[in-house]
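Work through the exercises below with the model open beside you. Each task sentence is followed by a solution that goes step by step.

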Amino acid sequence: MIPKKTDVLIVGAGPTGLALAVVLAQSGLRPLIVERADKPQTTSRAAVIHAHTLEVLDAIGVTAPMLAEGRRIEKFALRDRDSLLGLIGFDQLPSTHRYLLMLPQDRTEAILLERLAELGVGVVRGVTFSGLSQTGGEVVAKLETPAGVASVTSRFVVGADGVHSAVRQACGIAFDGAAYPGSFVLADVKLDEAEPRDEVSLFFSPEGLVVLAPLPDGHYRVVATVDVARERPDAACIEALFAARGPTDKPLGKVMEVSWSSRFQLHHRLAASYRKGHVFVIGDAAHAHSPAGGQGMNTGLVDACTLGRILTEVLLGKADERALDQYEALRRPAAADVLALAGRLTTAATLRAPVLRGLRNAAFSVATRLPGVRRRLAMSLSGLSRRNASLS
Ligand SMILES: Cc1cc2nc3c(=O)[nH]c(=O)nc-3n(C[C@H](O)[C@H](O)[C@H](O)COP(=O)(O)OP(=O)(O)OC[C@H]3O[C@@H](n4cnc5c(N)ncnc54)[C@H](O)[C@@H]3O)c2cc1C
């Protein structure tokens, strides 16, 4: 049922739209959250939750159930086939969460959805946002519903509608950046292995990168850089990547099952602005980059919680509308920082020239022996170096 008026219309019930709705609902507000898809997604996608995200999500009551289901990993190992280039530990992080949490994205979304239902708000599904106009501090949005076109008037609209955001386009906000050659293979696999691994392992090799990260249910997330990825990489494809890029002394094992696989085309983009009047963009609608470092969904969840707090203050009359400027001021530089981090990691992972690969390996092995460098990398990957760019 679509009301004619609401305080906040959220377009998209991915992780960022759901998190924003929870923040608002916790303060007694009743956002309208609409979603084009008829059912929740059931695929794995973003599987890493970093320490800063867990801190921020604690305030909305979802960190505890996520910790109960997820798998905690305390170290990141950089390897070149059989040799260890360096170890980055999360166990010394200045946080109550001294680890990264592995949890498939469909579970993160299900936990957010359950929390939203507890607060008495449901997602209105099968509804597609198709346009908006703004006048006098109000936004009128056009929604395509199974019963026909509906108009909703709201004080604020938030585009949490992903990388191809119709809200961003309706506001004429440019999505600056470019597509990059190369793509990523992603797969969740079960391996026959002698000894389970309790680290995220990044194997560099002359053929490219392969990453292996343990998931909660005994599966592993495999990520690899390739020139052109197949739409659904299969067991043979993953085993070929292991053979060409993994260790030879303790091979990564035979793939017994592929429970999910996909590919990710590389592009790095940042919205030229995060706000137009009373309309905002969050998550993938505001920034897109390679999955190296597992930062995409994490950055979006912090966007959602930060904007949620600002909108709550304004809607409850505790702050005036000048506070709205804080959102872009805090979160756009944070996304620029994340894009630079993901870009550096992607460049390091995709070097082809043997000389450059040799230099990269030498640089990693020297740098990760320096405690200051290890700490900076752990702070940046965990998001804790961007704590000041959020409200929590
Ligand atoms: C195959 C794949 C693998 C990935 N792997 C990783 C990974 O390993 N690590 C990582 O960090 N990230 C990964 N990502 C990215 C990660 O999934 C995103 O960063 C995250 O989902 C962003 O959340 P979001 O809420 O901003 O957008 P989305 O999750 O894209 O959600 C947007 C929602 O809006 C809805 N919507 C869109 N348009 C409209 C409209 N006009 N009207 C109504 N609803 C609309 C969509 O149906 C969707 O439910 C992956 C993504 C994909 C697709």
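**Exercise 1.** Decide whether C237 and C171 are buried or exposed, and state how many disulfides the structure holds.

*Solution.* C237 has a relative accessibility of 16% and therefore counts as buried, where buried means under 20% relative accessible area, exposed over 50% and partly exposed in between, computed with a 1.4 Å probe on the protein chains only. C171, at 5% relative accessibility, counts as buried too. The next step concerns the sulfur atoms: a disulfide is a covalent bond between the sulfur atoms of two cysteines. Taking as the criterion a pair of cysteine sulfur atoms within 2.5 Å, the structure holds zero disulfides.

These values come from a predicted model, in which local features need pLDDT of at least 70 and side-chain atom pairs count only at pLDDT 80 or more, whereas totals for chains, interfaces and linings use all residues. Residues are numbered from 1 along each chain as its sequence is written, and side-chain values use heavy atoms, with hydrogens and water left out.

**Exercise 2.** Describe where S95 lies and which residues it is in contact with, leaving aside its neighbours within four places in sequence.

*Solution.* Start with the location: S95 belongs to the loop between β6 (83–89) and β7 (100–102), the strands being DSSP runs of E with at least two residues and the helices runs of H or I with at least four, numbered from the N terminus. Because its relative accessibility is 8%, S95 counts as buried. Its side chain reaches the backbone nitrogen of H97 at 2.9 Å. With the neighbours within four places in sequence set aside, S95 is in contact (heavy atoms within 4.5 Å) with A51, E55, L384 and R387.

**Exercise 3.** Find which residues come nearest to the ligand, and what share of the ligand's area the protein buries.

*Solution.* Of the 28 residues around the ligand, counted when a heavy atom lies within 4 Å of it, T16, E35, Q105, F129 and D284 come nearest. For E35, a polar side-chain atom lies 2.6 Å from an oxygen atom of the ligand. For F129, a backbone N or O atom lies 3.0 Å from a nitrogen atom of the ligand. The ligand taken alone exposes 990 Å², of which the protein buries 84%, with areas from the Shrake-Rupley method and a 1.4 Å probe. Two or more residues of the shell come from each of α1 (15–26), β9 (128–135), β16 (254–271) and α7 (296–315).

Note on methods: Polar contact = N/O pair within 3.5 Å; in protein donor to acceptor, adjacent residues only side chain to side chain.
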